[in-house]
Amino acid sequence: MKLIKEACVETKEEIDNAIKHHTDQIELCSRLDLSGLTPSVELAAYAASKCKRVFVMIRRENNFTINFFMMQKLKRDMKSFANIDVAGYVFGFLTKDNKINEKAVRTLVKLANGKETVFHMAFDELVDQKAGIDTLVSLGVTRILTKGGNGKACDNIDTLKQLRKYANNRIQIIAGGSVTDDNCNELAQATGINFFHGRKLAYK
């Protein structure tokens, strides 16, 4: 099984290191201390000049709920990347009762204009993850980034395996959450997932 590694980065130095170590793609963020916010257009342009598959985080606050005014900011953010050759966008929105905010997700999927979309680890807060998969498939989201629940990916092997089986190739599952170059092979064998995300992937 060929593994796909996505390096999560926030600086030019981290971009360069990921490219040096043959990352398959990049998730580009700012403020990873806040679990990742929207990066600058300039950094996105730099990343796209180095890597053919760059996914840009679209997020302004360290939470998963959204109001009208914040959505307007995020829409402007997405439009600001339109002239950069990025492969897609990463975002995730929940309602107050921890269900997928379908209206918000639908809005940004449409604004992605055919580019790939990833629903990020807001997925791990859902009250019903299988129903969440069904909803995201219906909304046209390309992938789901998840650690399978609380803790790390390696703490949630059974859940990740079940999510992959339930997705059944309708949507791709990316496993994240303390995934590294040292443990991704073991995770792949245990879960059947071949797509991994982390700050310590394509790292050394």
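Mentor: In this predicted model, Asp181 has a relative accessible area of 15%, and because the cut-off for buried is under 20%, Asp181 counts as buried. Asp181 sits in the loop that runs between strand 7 (172-175) and helix 7 (184-191). The Asp181 side chain makes a polar contact with the side chain of Lys5 at 3.0 Å, and the side chain of Asp181 also reaches the backbone nitrogen of Ala202, at 3.0 Å. Beyond its neighbours within four places in sequence, the residues in contact with Asp181 include Leu201, Tyr203 and Lys204.

Lys204 also has a charged partner: Asp182 forms a salt bridge with Lys204, with 3.0 Å between the closest N and O atoms. Asp182 is in the loop between strand 7 and helix 7, while Lys204 is in the segment after strand 8, so this pair ties together parts 22 residues apart in sequence. Both Asp182 and Lys204 are exposed.

The whole structure holds twelve salt bridges. One of them joins the side chains of Arg199 and Glu10 (3.6 Å, N to O). This pair links distant parts of the chain, 189 residues apart: Arg199 lies in the segment after strand 8 (195-198), and Glu10 in the loop between strand 1 (4-9) and helix 1 (12-20). Arg199 is partly exposed at 40% relative accessibility, and Glu10 is partly exposed at 24%. Glu10 and Arg199 belong to a salt-bridge network with Glu14.

Technical notes: Residues numbered from 1 in each chain as written. Predicted model: local features only at pLDDT ≥ 70, side-chain atom pairs only at ≥ 80, totals over all residues. Heavy atoms only, no water. Helix = DSSP H or I, 4+ residues; strand = E, 2+ residues; numbered from the N terminus. Buried < 20%, exposed > 50% of the residue type's maximum accessible area, 1.4 Å probe, protein only. Polar contact = N/O pair within 3.5 Å; in protein donor to acceptor, adjacent residues only side chain to side chain. Contact = heavy atoms within 4.5 Å. Salt bridge = Lys/Arg side-chain N within 4 Å of Asp/Glu carboxyl O.
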